[in-house]
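Me: I have a model open and want to learn to read it feature by feature. Can we start with contacts?

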Amino acid sequence: IIGHFAGRGRLQTAGSRLIGSVEDEAIEFKAETYRLGTDSGKQELAKDITALANAGGGIILVGVKTQKSAHVLGDVAKEIRPFDSSLLNADQFSQVIKEWIQPPLKTPPKWVASKYDATKGLVIVEVPAATEESRPYLVTRYVDSGGKVNTTVFGYYVRHQAGVAAMSVESLHSIINRGLSDRLSRIDETLQRLVESDQEERTASLRLSHKTLIEAQFNRELQEATQEIGFQTLPNIVLGAYPMEAINLIGLFDPSRSELLPRLRTPVQFRSDGWDVAIDIPLENVHGRLRRQMKRENKLWQISNEGIALFLGRGDSRFLSHGPIDRKQNDPYLILPLALAELTLTFTTRCRQLYEFGLPRPKEITYTLCL
């Protein structure tokens with residue numbers, strides 16, 4: 001999105017590609033500008049920015065209307081809604097960030113003008129990931145239900161609000177930086193023990209709900225991948241995997257958070273001339289949702305932040321089968337058993353390696369093979 005919008009500087013260049021995109025831990029859509037003339041609007045801006053920073057960084061796109069969907073967890077971009085440039089006060093925006101966020105964070109808004117009317121456009125806020133020295137970013141004030149600003153209460157957000165009472169923002173930040181965060185860990189452990197009795201009853205219901213959602217998302221991603229690689233009319237093999245509980249793959253878009261990306265760039269191979277899922281091209285970041293490698297009408301490999309993995313390869317004599325290329329229409333495809341076995345083994349091995357970076361680490365994986 002940054003490449004299409006900020007890099008080119010024109011709204012209509014890639015606006016249509018944005019429709020249908022889903023909000024996730026790295027992308028936040030806002031239909032209207034922040035109301036920075038009010039304390040509640042300032043708090044909302046500070047909350048959104050710190051939540052993204054604490055979760056690994058991302059972007060806020062202002063001027064994108066969304067709608068709920070029964071098929072995905074996040075809101076879906078429905079409409080591009082350019083607004084008048086007079087509604088953006090960059091100096092006020094930066095001042096709010098300076099006054100409401102600790103430690104200091106520089107993330108000025110970027111105006112992207114419409115191709116047809118330069119007075120209208122969108123705003124992109126590019127939020128960097130928190131470093132070990134700066135984590136966590138905190139909102140230094142709190143607006144109560146009566147509209148009163150309280151500077152002794154602050155918020156800690158990671159896409160969900162969390163608060164620590166009876167300490168100043170500076171004190172909490174200093175304690176965590178000095179390596180005394182184990183105090184907070186012990187509090188978390190105590191809270192965990194208090195809710196364990198209720199956890200088992202809720203787990204079964206959550207698993208059933210997640211199973212329905214993840215299967216629907218898997219089918220959507222498979223349909224999209226089939227269209228992207230051009231396999232609608234070609235014989236192909238599909239290998240798929242997804243976890244049976246909700247996870248996030250830590251480091252899929254931020255190499256500083258884990259060794260996942262280096263592992264992803266090193267495919268599993270059992271022999272030099274064998275069949276495997278490796279594709280010798282760079283990984284592509286697809287809308288901040290998944291990483292993909294693809295050679296059109298040949299092979300595709302991808303994995304999403306939720307752990308949905310897919311491999312698609314040709315099923316004819318150019319990859320999985322043997323026999324003449326100019327086979328007759330009704331002739332069967334003669335699948336190479338060794339190719340099928342090696343592909344399945346390399347795919348499942350690679351998935352198991354990547355799921356080691358899941359948070360939480362998945363306990364149960366569903367694998368799919370389709371010809």
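Reply: Start with the term. Contact means heavy atoms within 4.5 Å. Keep in mind that this is a predicted model.

Me: Which residues does D48 touch, leaving aside those up to four places away in sequence?

Reply: D48 touches E28, K30, Y34 and I60. D48 itself lies in helix α3, residues 39-54.

Me: Is D48 buried or exposed?

Reply: Use the cut-off: buried means under 20% relative accessible area. D48 has 7%, so D48 counts as buried. Compare C351, which is buried at 0%. C370 is partly exposed at 43%.

Me: How do I read salt bridges, and how many are there?

Reply: The general idea comes first. Side chains of opposite charge can pair when their charged atoms come close. This structure holds 10 salt bridges. One of them joins K68 and D75, at 3.2 Å from N to O. K68 is exposed at 70%, while D75 is buried at 16%.

Me: Which parts of the chain does the pair E224 and R289 link?

Reply: E224 and R289 form a salt bridge at 3.4 Å, N to O. The pair links distant parts of the chain: E224 sits in helix α6 (residues 182-229), and R289 in the loop between β16 and β17, 65 residues apart. E224 is partly exposed at 25%. R289 is buried at 18%.

Me: What about D316?

Reply: D316 forms a salt bridge with R314, with the closest N and O atoms 2.6 Å apart. D316 is buried at 10%, and R314 is buried at 8%. Elsewhere, salt bridges that share partners join K30, E44 and D48 into one network.

Me: Now the sheet. In what order do the strands run?

Reply: For pairing, DSSP must find at least two bridges between two strands. Here 6 strands form an open sheet, in the order β16-β17-β18-β19-β14-β23, with antiparallel pairing. β16 (284-286) and β23 (365-370) stand at the edges with a single partner strand each, so one side of each has no neighbour in the sheet. Neighbouring strands are turned by 15° against each other on average, direction ignored.

Me: How many bridges join β18 to β19?

Reply: 5 bridges join β18 (residues 299-304) to β19 (residues 309-314), and the two run antiparallel. Take Q302: its bridge partner in β19 is L310.

Me: Which helix packs on this sheet?

Reply: Helix α8 (residues 337-355) does, touching β14, β17, β18, β19 and β23. The direction of α8 makes about 25° with that of β14 (236-243).

Methods
Residues numbered from 1 in each chain as written. Predicted model: local features only at pLDDT ≥ 70, side-chain atom pairs only at ≥ 80, totals over all residues. Heavy atoms only, no water. Buried < 20%, exposed > 50% of the residue type's maximum accessible area, 1.4 Å probe, protein only. Helix = DSSP H or I, 4+ residues; strand = E, 2+ residues; numbered from the N terminus. Axes fitted to C-alpha atoms, helices over the stretch in contact; angles between N-to-C directions. Salt bridge = Lys/Arg side-chain N within 4 Å of Asp/Glu carboxyl O.
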